[in-house]
Amino acid sequence: MLKFKKPEVKQQRLKAMFYGEMGTGKSTCACQFPNTAYIDTEDTSSKKKYAQLITDNGGLVLATGDFDEILQQVKELMSTQHEFKTLVIDSLTIPYENLQADCERTAGTEFGRHITAANKKMKLLINLLLRMDLNVIVTCQAKKEYGSNMSLIGKTYSCYNR
């Protein structure tokens, strides 16, 4: 039995990553989206300025740096009726680093096994974020980027490199 059907047009949702050094406005911008499910991995929301912005815009906060908890909450957001319009993960750098450390303990570091294991789980999260019927804002910390002969060419995001 064929399962093909006419395409269904859906409203497009914003999917964005903000990265930069501390103090560049990533969190301030992310806090201002409406009805935000705000995953706070850096204790940002405990500061008065950010707490007020999140509250004023109808958002709620989950403070965690645990990758598996974030993944579980993303799945819940995709399968549960709610009033959220935007998911913010501020920042994804922390849970990715925690995930790598967890994978190092279970898979070891030989031949970069921990990175491969972490990237496999991260790929699943990214695919879910791209399919969500929510705006998705992810922030990342910045790191130095090097070119040929180890010459500094600028800054890039510090997280999963795909």
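Contact here means heavy atoms within 4.5 Å. In this predicted model, Leu129 touches Lys15, Val74, Leu87, Ile89, Val136 and Val138, leaving aside residues up to four places away in sequence. Leu129 and Leu87 are the residues with the most contacts inside the largest nonpolar core, which has 25 residues. At least two residues of this core come from each of strand 2 (36-40), helix 3 (67-79), strand 4 (86-90), helix 4 (93-107), helix 5 (113-131) and strand 5 (135-146). A second core, of eight residues, is separate and includes Cys31, Tyr38, Ile54 and Ile137.

Helix 3 and helix 5 also pack against each other, with their axes 10 Å apart and at an angle of about 25°. Angles under 35 degrees count as roughly parallel, and the two helices, helix 3 and helix 5, are therefore roughly parallel to each other. Their crossing is left-handed. On the side of helix 3, the contact is made by Phe67, Asp68, Leu71, Val74, Lys75 and Met78. Helix 5 contributes Lys121, Met122, Leu124, Leu125, Leu128, Leu129 and Arg131. By class, nine residues in the contact of helix 3 with helix 5 are nonpolar, none is polar and four are charged.

Lys10 belongs to the segment before strand 1 (15-20). This residue, Lys10, has a relative accessible area of 55% and is exposed. Between Lys10 and Asp133 there are 8.8 Å in space, C-alpha to C-alpha, although the two are 123 residues apart in sequence.

Conventions. Residues are numbered from 1 along each chain as its sequence is written. This is a predicted model: local features need pLDDT of at least 70, side-chain atom pairs count only at pLDDT 80 or more; totals for chains, interfaces and linings use all residues. Side-chain values use heavy atoms; hydrogens and water are left out. A nonpolar core is a set of buried Ala, Val, Leu, Ile, Met, Phe, Trp, Tyr and Cys residues joined through side-chain atoms within 4.5 Å. Buried means under 20% relative accessible area, exposed over 50%, partly exposed in between (1.4 Å probe, protein chains only). Helices (H or I, at least four residues) and strands (E, at least two) are DSSP runs, numbered from the N terminus. Axes are lines fitted to C-alpha atoms, for helices over the stretch in contact, and angles run from 0 to 180 degrees between N-to-C directions. Angles under 35 degrees count as roughly parallel, over 145 as roughly antiparallel, 65 to 115 as roughly perpendicular and the rest as oblique. A crossing is left-handed if the near helix is turned anticlockwise from the far one by less than a right angle, and right-handed if clockwise. Ala, Val, Leu, Ile, Met, Phe, Trp, Tyr, Cys and Pro count as nonpolar, Asp, Glu, Lys and Arg as charged, and the others, Gly among them, as polar.
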